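This report describes selected parts of one protein structure. Please look at the sequence and the model below before reading on.

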Amino acid sequence: MENSKLDPAIRSATRSLNQEQGREWTFPVEGMTCASCAGRVERSLAAVPGVTSVSVNLATEKATVRAAASTGMDALGAAVGKAGYAVGAGTRDAAEDPAAAGSAPRGVSLPAWWPVAASALLSAPLLFGMVGEWLGRHWMLNGWLQLALTAPVQFWLGARFYRAAWSAIKARAGNMDLLVALGTSAAFGLSLFELLDAQPGQMLPLYFEASAVVITLVLLGKWLETRAKRQTTDAIRALNALQPTTARVRRNGADTDLPVGQVALGDLVVVRPGERIAVDGVVAEGESQVDESLITGESLPVAKRRGDHVTAGAVNAEGLLLVGTTAIGAETTLARVVRMVESAQAKKAPIQRIVDQVSAIFVPVVLAIALVTLLGWGWGTGDWPEAILHAVAVLVIACPCALGLATPTAIMVGTGTAARRGILIKDAEALETAHAVRMVVFDKTGTLTEGRPELLSYKAATGEESDFLAAAASLQAGSEHPLARAVVAAATRAGSTLPAASNVRASPGRGIGGVVDGRELRLGSRGWMAELGVGLAGLRQAAEDEQRLGRTVSWMADVTDGPATLVGMLSFGDAIKPSAMKAVRALHLAGIRTALVTGDNRGSAAVAARELGITEVRAEVLPDGKAAVVAEFQRGGVRVAMVGDGINDAPALAAADIGIAMATGTDVAMQTAGVTLMRGDPSLVAEAIDISRRTCAKIRQNLFWAFIYNLVGIPLAAFGLLSPALAGAAMAFSSVSVVTNSLLLKRWRGLVK
């Protein structure tokens with residue numbers, strides 16, 4: 001298909017959700033710190049009348065809500081507030097321009113690290129006593145000085161934990177902040193009691209350093225986690241940064257620089273060498289090479305000339321271009337791609353449901369374990385201060401931050417990295433499904449072949465061949481099918497005068513029919529000719545010779561009066577894409593079977609399959625038949641991916657476990673598929689499956705480490721083998737390590753070279 005198909009394809013794949021079934025809101029939620037928080041916000045929003053679906057992402061700290069048109073943001077904001085959190089700046093409708101979303105200006109503010117630095121400065125002197133004990137020295141500060149240093153950390157810098165904990169208590173739920181607040185308050189309260197109850201000159205067992213150091217470490221961990229999480233959204237920020245803010249518009253012969261928002265459809269935009277294209281449009285004048293790498297993943301510049309489509313954000317390399325505007329702002333390909341990636345990152349993977357179920361009961365279970373630890377040590381040893389410290393360690397190390405970040409951070413990095421390679425994944429479910437694919441079914445024309453067939457020969461059964469060609473071209477003059485364009489182009493080159501065609505209608509999977517010069521004609525597949533009872537004997541040998549060369553043969557019949565008669569035969573050639581063989585080889589190396597399913601004739605399909613190394617072939621298959629073939633492959637529990645680009649592929653794309661559509665194809669294919677390839681390169685199929693496998697592997701690794709921290713850490717703390725300070729350090733490290741592990745996906749550079 002032509003490049004001009006790119007925009008409608010993505011328009012279909014990322015179409016606005018603000019339709020009659022309701023609207024979709026995306027907004028930041030402030031104050032969430034763990035998976036329990038996200039779950040509580042989700043449940044509160046789901047209870048709002050009119051809400052049909054909710055997804056709250058801890059990693060992005062955003063909620064995505066689908067609701068009836070009558071449900072407004074006021075009701076959603078009230079539900080968030082009822083859960084104990086707040087809606088942040090940057091709320092937007094899903095149909096808005098992603099580039100416009102974000103935080104509102106907040107004025108001058110202190111750097112994000114200042115609470116960590118202040119807490120560390122106040123806590124550092126308290127560590128002298130701990131270090132001194134290790135060295136056999138008495139460096140313990142005066143108790144009242146310890147209180148003076150700890151109080152600001154506990155009640156000023158740590159106030160956020162109390163606020164969030166109180167909100168959780170009011171909502172009759174638990175979260176990370178409740179665990180931290182309870183643990184540090186217990187250590188602080190015990191130390192204060194000992195200090196107030198002490199006799200003059202008495203050596204005091206104070207634990208102020210435990211509460212101060214735990215808060216410091218938690219603050220440090222959250223700051224490091226926030227910094228790391230920012231890197232997971234690099235792909236979105238990079239795409240947003242591609243959109244120029246101004247455009248040079250030519251009106252009435254004069255060039256004027258205008259904000260992009262003031263450019264109108266139909267305006268001519270002047271793009272000089274080295275500049276980014278500000279709008280989607282069609283080249284009206286000029287020739288150049290355009291770098292679309294950050295949109296399509298294509299590393300080489302693409303030649304553009306008059307009539308070619310260009311996208312906003314691409315870089316004009318060398319020539320001056322005059323572009324007629326076809327889309328601006330939220331309707332550009334770039335804006336739609338950003339929305340699609342954001343949507344995928346906001347949705348939850350199926351595996352996340354397990355995490356949500358665990359998170360719902362996690363905090364109550366931890367509180368119970370901490371209580372058992374307190375009572376067990378207290379009654380068993382009689383040393384209640386020591387029992388409190390062990391219970392504090394349990395509360396601190398059990399904070400479920402890593403659990404809530406394990407899945408969304410991997411999905412954010414995985415989908416963002418895929419987008420940079422030109423692979424758009426519609427949602428997290430598609431990402432998780434793709435990794436289990438064990439068979440890939442390819443369409444032929446436009447998927448494995450260039451999709452630009454040429455009419456290589458034609459023969460008339462009766463009459464003049466020039467008249468036969470003109471009649472065939474007339475029937476197909478209004479069709480966008482690649483074979484139709486090839487016939488019209490050949491007739492134009494031959495200088496044929498095309499007679500008028502009437503009552504033209506397409507028969508999906510068969511061909512096209514209509515009336516030309518008073519004759520009722522049918523042009524299409526051999527199977528259709530058999531249905532019509534057309535005898536092919538006169539041209540059968542010629543057709544078989546063409547098919548042995550790997551060419552596609554179409555037939556024309558006259559069904560005007562009496563029995564249908566053969567009019568002629570058309571032979572087309574369509575070159576196989578250079579990357580198709582690499583794609584098939586890469587899939588086979590990955591242990592994935594391949595099959596070719598096409599409506600083309602058996603000879604052409606067999607030649608293409610043999611050249612590519614595909615052993616399973618189904619030819620002359622109608623559109624509904626493609627879905628049946630996919631179902632046949634699925635029997636036995638095999639996960640099947642279908643790759644196609646045409647209207648006739650849509651049923652099979654929907655029937656497959658996951659549909660993969662070429663963005664150079666049709667709107668219907670894009671709408672049905674779970675993965676969209678931004679350029680017509682079949683090697684991206686192997687890469688899409690590979691990035692899915694790597695992302696799912698990261699999710700499993702993250703969940704393993706998140707669970708193992710708690711499964712190992714909680715018993716160690718309960719048995720007195722971890723101090724509160726070490727527990728705080730371990731908890732902070734667990735969150736950072738999960739995010740950092742997800743960020744390793746950014747090092748992926750593709751599978752097929």
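Leu-469 touches Leu-455, Tyr-458, Val-487, Ala-490, Ala-491, Ala-494 and Ser-496, leaving out residues up to four places away in sequence; contact means heavy atoms within 4.5 Å. The residue lies in helix H17 (residues 465-475). Helices (H or I, at least four residues) and strands (E, at least two) are DSSP runs, numbered from the N terminus. Leu-469 counts as buried because its relative accessibility is 1%. Buried means under 20% relative accessible area, exposed over 50%, and partly exposed in between (1.4 Å probe, protein chains only). Leu-469 and Val-487 are 18 residues apart in sequence, and their C-alpha atoms are 7.6 Å apart in space.

The model is predicted: local features need pLDDT of at least 70, side-chain atom pairs count only at pLDDT 80 or more, and totals for chains, interfaces and linings use all residues. Residues are numbered from 1 along each chain as its sequence is written, and side-chain values use heavy atoms, with hydrogens and water left out.

Helix H3 (residues 73-82) has buried residues Met-73, Leu-76, Ala-79 and Val-80. Seen down the axis of H3, these fall within an arc of 125 degrees, so they line one face of the helix; the arc is that of the directions from the helix axis to the C-beta atoms. Asp-74, Ala-78 and Lys-82 are exposed on the other side of H3. After H3 comes Gly-84, with a positive phi near 100 degrees.

Leu-76 is also one of the residues that touch the most other members in the largest nonpolar core, which has 77 residues. Such a core is a set of buried Ala, Val, Leu, Ile, Met, Phe, Trp, Tyr and Cys residues joined through side-chain atoms within 4.5 Å. Val-440 and Val-685 are also among those residues, and Val-440 touches Val-685 and Ile-689, among others.

| Helix | Residues in the meeting |
|---|---|
| H21 | Ala-583, Ala-586, Leu-587 |
| H26 | Ser-683, Val-685, Ala-686, Ile-689 |

The axes of H21 (residues 580-589) and H26 (residues 683-718) come within 7 Å and cross at roughly 30 degrees. H21 is therefore roughly parallel to H26. Axes are lines fitted to C-alpha atoms, for helices over the stretch in contact, and angles run from 0 to 180 degrees between N-to-C directions. Angles under 35 degrees count as roughly parallel, over 145 as roughly antiparallel, 65 to 115 as roughly perpendicular and the rest as oblique.
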